Amino acid sequence: MMRCFHIFKDKSKRTGKSAPELGNNTGNSAPNSNRAAKSTGSLSSPTARSIPEMYREREGSLRVFSLMELREATNNFNRLLKIGEGGFGSVYKGSIKPADGSEAPPTIVAIKKLNTQGLQGHKQWVAEVQFLGVLDHPNLVKLLGYCSVDGERGIQRLLIYEYMHNKSLEDHIFNKSVPSIPWIKRLHIILGAAQGMTYLHEGLEVQVIYRDFKSSNVLLDKDFNPKLSDFGLAREGPTGNQTHVSTAPVGTRGYAAPEYVETGHLSVKSDIWSFGVVLYELLTGRRTLDRNLPSSEQKLLGWVKQFPADSKRFNMIMDPRLQNQYSLSAARRIAKLADSCLIKNPKDRPAMSEVVEILKQALEESQGNSPSSRSTTPGVLTKPSRRTNDASTSRPVLPTAKARG
Ligand SMILES: Nc1ncnc2c1ncn2[C@@H]1O[C@H](COP(=O)(O)OP(=O)(O)O)[C@@H](O)[C@H]1O
Ligand SMILES: [Mg+2]
């Protein structure tokens, strides 16, 4: 399990209120609500709303659960129902009875109980409720509701999600005790994840930086459709003509972009770097950091450099569990795509929508169709500076985010 790292600057006091919108108009406890406090200048459009604003307009779309109900759903948070443990809390499988008391079958859910020892648990919970209360895309996990209790014995913060039957991508690509995912399925999964991230970067009136893209946050439903989870670290991107927001680095070691770790400069291009890391995890079946390997192989990105995408030796990095059942040319294409995501200068990394195009080509190629010479030429990967359309400077103007039904 990857540990998360945090360096917190913000020590602002938590308010006593517990609802994520906090029922007032100042929204002080919302991490992103105070736009004036942002390090970056003016709004790109006077009509662009912040995530907390959109959340308030949509109030009531999430169900508020009682702690009692959740205790009942998890047999009092029984250890046997625990399905995951992350840096920020434990995840349980639960079964919720219909609210109307009818005979309808219970809803199976995943319940995350946040670790609320520190201030961070509450902040992440607020962020997650607000982002997932607003965002709506087939490749993002659905938040059904939340629970918040401030009692004498401390505070409780919980999140209730749709249950994802196949857990996370991490649980499949690194776990030798479950069947390996075949090539085409891997491509479908990573393409869906890329489409979810394109929605965050390019599909809303505000840019959303996900900040925690990693294989354990790509959840898989019963048909292996991917959905991004964990929006506790997400934040709004820069506005106006700024290229980044400044923030203390948080995230997961091994996935975070170098400029973000070194300077705290965060942009959508930091997510692109993390995406490149996961592309290599998917090709190789190896973790970004694996202390059980010989020292020269422990760091995935250092190791794969010895086997360039165009070299004869390239196939040496491929996951042995694929048993050679993959398209070598598509694999090379994906390695080149990963390399472009992992370019040191954030400006030279592709935009998420370009990543999607290349993944579609790799999928076509793997399915036996020769890749069409449509929107993206291979050269764009090796000479990204030729691109004129940099998403961080000329974000497409899109209509208002789709409201939840
Ligand atoms: N909605 C869900 N449905 C099924 N399993 C989940 C769900 N959310 C999380 N999990 C499982 O719980 C694990 C821990 O999740 P999390 O607390 O987000 O930590 P991390 O992402 O660092 O592993 C995930 O890797 C996944 O296997
Ligand atoms: Mg997670």
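Reader: What should I know about the model and its numbering?

Author: This is a predicted model: local features need pLDDT of at least 70, side-chain atom pairs count only at pLDDT 80 or more, and totals for chains, interfaces and linings use all residues. Residues are numbered from 1 along each chain as its sequence is written, while chains are lettered from A and ligands numbered from 1 in the order in which they are written.

Reader: Back to helix 5. What should it span, at 1.5 Å a residue?

Author: Helix 5 covers residues 183–202 and should span 28 Å; its end C-alpha atoms are 28 Å apart, which agrees. The expected span is 1.5 Å times one less than the number of residues.

Reader: And helix 3, how many of its residues are buried?

Author: 15 of the 16 residues of helix 3 are buried, so helix 3 is largely enclosed by the rest of the structure. Helix 3 runs over residues 119–134 and should span 22 Å; its end C-alpha atoms are 23 Å apart, which agrees.

Reader: Give me the overall picture. How many helices and strands?

Author: The chain has 11 helices and 14 strands. Of its 405 residues, 45% count as buried. Among contacts between residues at least 6 apart in sequence, 68% join residues at least 24 apart. A contact means that two C-beta atoms, placed from the backbone, lie within 7 Å.

Reader: Which residues have the most contacts inside the largest nonpolar core?

Author: Phe131, Met197, Leu279, Ile334 and Leu359, in a core of 95 residues. Helix 7 (residues 268–284) gives the most to this core, with 10 residues. A nonpolar core is a set of buried Ala, Val, Leu, Ile, Met, Phe, Trp, Tyr and Cys residues joined through C-beta atoms within 7 Å.

Reader: What does Ile334 touch?

Author: Leu279, Leu283 and Ala362, not counting residues up to four places away in sequence. Ile334 is one of the buried residues of helix 9, along with others including Ala330, Arg333 and Leu337. Helix 9 (residues 328–341) reaches 20 Å from its first C-alpha to its last, close to the 20 Å expected.

Reader: Switching to the ligand. Which residues are closest to ligand 1?

Author: Gly84, Gly86, Ala110, Met164 and Ser216 are the closest of the 23 residues that surround ligand 1. To be near, a residue needs its C-beta atom, placed from the backbone, within 6 Å of the molecule.

Reader: Which element gives the most to that shell around ligand 1?

Author: Strand 3, with 4 residues. Strand 3 (82–86), strand 4 (89–96), strand 5 and helix 4 (169–173) each supply at least two. By type, the shell divides into 9 nonpolar, 8 polar and 6 charged. Here Ala, Val, Leu, Ile, Met, Phe, Trp, Tyr, Cys and Pro count as nonpolar, Asp, Glu, Lys and Arg as charged, and the others, Gly among them, as polar.

Reader: Where does UniProt place the feature "binding site"?

Author: At Lys113, in an unreviewed entry. UniProt positions follow the numbering used here, feature names are shortened, and annotations may be inferred rather than shown by experiment. Lys113 is found in strand 5 (residues 107–114).

Reader: Is Lys113 buried or exposed?

Author: Lys113 is buried, because 20 other C-beta atoms lie within 10 Å. Leaving aside neighbours within four places in sequence, Lys113 is in contact with Phe77, Gly89, Ser90, Tyr92 and Leu158.

Reader: Which residue other than glycine has phi near 55 degrees?

Author: Asn76, and the value is positive. Asn76 sits in the loop between helix 2 (67–73) and strand 3. With 9 C-beta neighbours inside 10 Å, Asn76 counts as exposed.

Reader: What about Val356, what does it touch?

Author: Leu191, Ala194, Gln195 and Thr198, not counting residues up to four places away in sequence. Val356 is in helix 10 (residues 352–366). Val356 is buried, with 21 other C-beta atoms within 10 Å.

Methods. Buried ≥ 20, exposed ≤ 12 C-beta atoms within 10 Å, placed from the backbone.
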